[in-house]
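Thanks for coming, everyone. Please look at the screen, and I will walk you through a few places in this protein.

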Amino acid sequence: MIQQSDFSAFKAAYFNRQALSMLFLGFAAGVPILLIFSSLGLWLREAGIDRSTVTMFSWAALGYSFKFIWSPLVDALPLPVLGKILGHRRSWLLLCQVFIITAIIMMAMTDPAQVAPSVMAVGAVLLGFSAATQDIVIDAYRIESAPSEMQTALSASYVAGYRIGMIISGAGALYLAELFGSKEGMYQYVAWQKTYLIMACVMLIGVATTLLIREPIRQVKPVFTQTADYARLCVVFALSVVAFIMTYRTMGGVLPESESVGIAFLLGCVQFISSAIAMGAVSYGLVQAGVVRREVAQATWVAPITDFFARYGKKAMLLLALIGLYRISDIVAGNISNLFYQDLGFTKIQIANAVKVVGVIASIGGGFVGGWVAQQMGVMRAMMVGAILACATNLLFIILANMPTILVMYFAVITDNLAAGLASAVFIAFLSALTSIRFTAVQYALFSSLMTLSPKILGGYSGAIVDATDYPTFFAITFVIGLPILYLIHLADKHISLDESVLDKE
């Protein structure tokens, strides 16, 4: 029986202004992501777009993996008019939400069956960039809006809101598209158009929240105040992004095409790495040329990274490898999961019920279990459990491919989402322990970006891998690529003490 004091503590933790604000901000953060991934994938598939092209649209969300690059700008740059009216954090939130709504409307007004996929990709990229920027601001707002003893409750409220947003843009979008008349083999553009326009309206909840919440008191002051420094930082960032895009396109025209999925992936890696090098070279050259003062660039981009390497030394590379690969097994598998269910003959409503409702609820439960496991056995051991479950549950989809029944589907979805929720919860605890209090926003953005970078790049080839093999082989591959992570966790547990890491930050 719940004691009155327990209920009072629960009420005090979760029914206050800050926690409720984070619930609704989490909702606003959870809506966009599935409009890029699974819901968009089903739309494109119904429109007749081939599977390999559909899965490549996951690259539109690479903004989540690169947000650390511009997170210092979001932290430092004040918006000219909105900043004076709403304050620094709220003005950035409102700007991001306006761009998110604009991107969703752009996608709604595009029929992928009638125009080139690149037209839809523009809206998807804008949505990914805007949503990733909103995440940066919300993370900073959460840290600044309440003392440290409230952060656990705020994080829980944010995650709950985020999952609810995913249900709306996942299951809700599929329900609406089906209701408006678009089905497998009976594609109706208007149905998807109405669905995405409704999702744009749903984002107004986030706008209303931004207008009603209070601007937090910023704990970390900017290290520079001159307007010219802000402008020059923007110039350097913009020119570096242009260099990345131009190099990426140039390398795409120079590198040969290959029928082999493996060779195509390696060529894609060469294309991506070359573009990243070009981006870094242009940034360095502009700083050396005096476009932006060196101390400004140092404080904005270099200091958070050097701090991490200074604290962990040679062990930093082990940590970065673990961060970048820990979620690769389940994220790559999840990238094509909806297409997999559809190809097995399940309807959008069945997929929505199983994946977008029951699956999301299971992931929330997995998150609570992950928090309990981490408290009982420690973060690193809990990470080992999460990694084992995350890759092992992919084998259930091999069974589903051979026994495509609704019962087996629900079992696979629930088990997989429980594992993913557990792995996510313990991994967030791990990242939080690594983050320096002096560079919380930037370093957390860096870690969370690195976490999804390699899985999203590899996930873009998931459709091509299935086309070259079959679904059972693909899911077996996702199981195998998760096994080396266990050794990385063992090494990190052996050589790095998270307790000492926490002490180092204080």
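Start with Thr133. Leaving aside neighbours within four places in sequence, Thr133 is in contact with Trp70, Val74, Trp92 and Cys96. Contact here means heavy atoms within 4.5 Å. Before I go on, a word on the source: this is a predicted model, where local features need pLDDT of at least 70, side-chain atom pairs count only at pLDDT 80 or more, and totals for chains, interfaces and linings use all residues. Residues are numbered from 1 along each chain as its sequence is written, and side-chain values use heavy atoms, with hydrogens and water left out.

Back to Thr133. This residue lies in helix α8. Helices (H or I, at least four residues) and strands (E, at least two) are DSSP runs, numbered from the N terminus. Is Thr133 buried or exposed? Thr133 counts as buried, because its relative accessibility is 4%. The cut-offs: buried is under 20% relative accessible area, exposed is over 50%, and partly exposed is in between, with a 1.4 Å probe and protein chains only. The Thr133 side chain also reaches the backbone oxygen of Phe129, at 2.8 Å.

Now α8 as a whole. Helix α8 covers residues 117–145, and helix α2 covers residues 17–36. Their axes come within 10 Å and cross at roughly 160°. Axes are lines fitted to C-alpha atoms, for helices over the stretch in contact, and angles run from 0 to 180 degrees between N-to-C directions. So α2 and α8 are roughly antiparallel. Angles over 145 degrees count that way; under 35 is roughly parallel, 65 to 115 roughly perpendicular, and the rest oblique. The crossing is left-handed. That label applies if the near helix is turned anticlockwise from the far one by less than a right angle; clockwise gives right-handed.

Which residues meet there? From α2, they include Met22, Leu25 and Pro32; from α8, Leu127, Ala131 and Ile138 are among them. The residues of this contact divide into 12 nonpolar, 4 polar and 2 charged. Ala, Val, Leu, Ile, Met, Phe, Trp, Tyr, Cys and Pro count as nonpolar, Asp, Glu, Lys and Arg as charged, and the others, Gly among them, as polar.

Next, α24. Helix α16 (residues 328–335) and helix α24 (residues 471–495) have axes that come within 8 Å and cross at roughly 160°. That makes α16 roughly antiparallel to α24. This crossing of α16 and α24 is right-handed. Ile328, Ser329, Val332 and Ala333 are the α16 residues; they meet α24 residues including Phe474, Phe475 and Ile485.

The crossing of α15 and α24 is left-handed.

One more residue: Glu46, in helix α3 (residues 38–46). Glu46 counts as buried, because its relative accessibility is 8%. Its side chain makes a polar contact with the side chain of Ser182, at 2.6 Å. A polar contact is a pair of N or O atoms within 3.5 Å; within protein, one must be able to donate a hydrogen and the other to accept it, and residues adjacent in sequence count only if both atoms are side-chain atoms.

Last, the whole protein. How many helices and strands are there? There are 25 helices and 0 strands. Buried residues make up 53% of the 506 residues.
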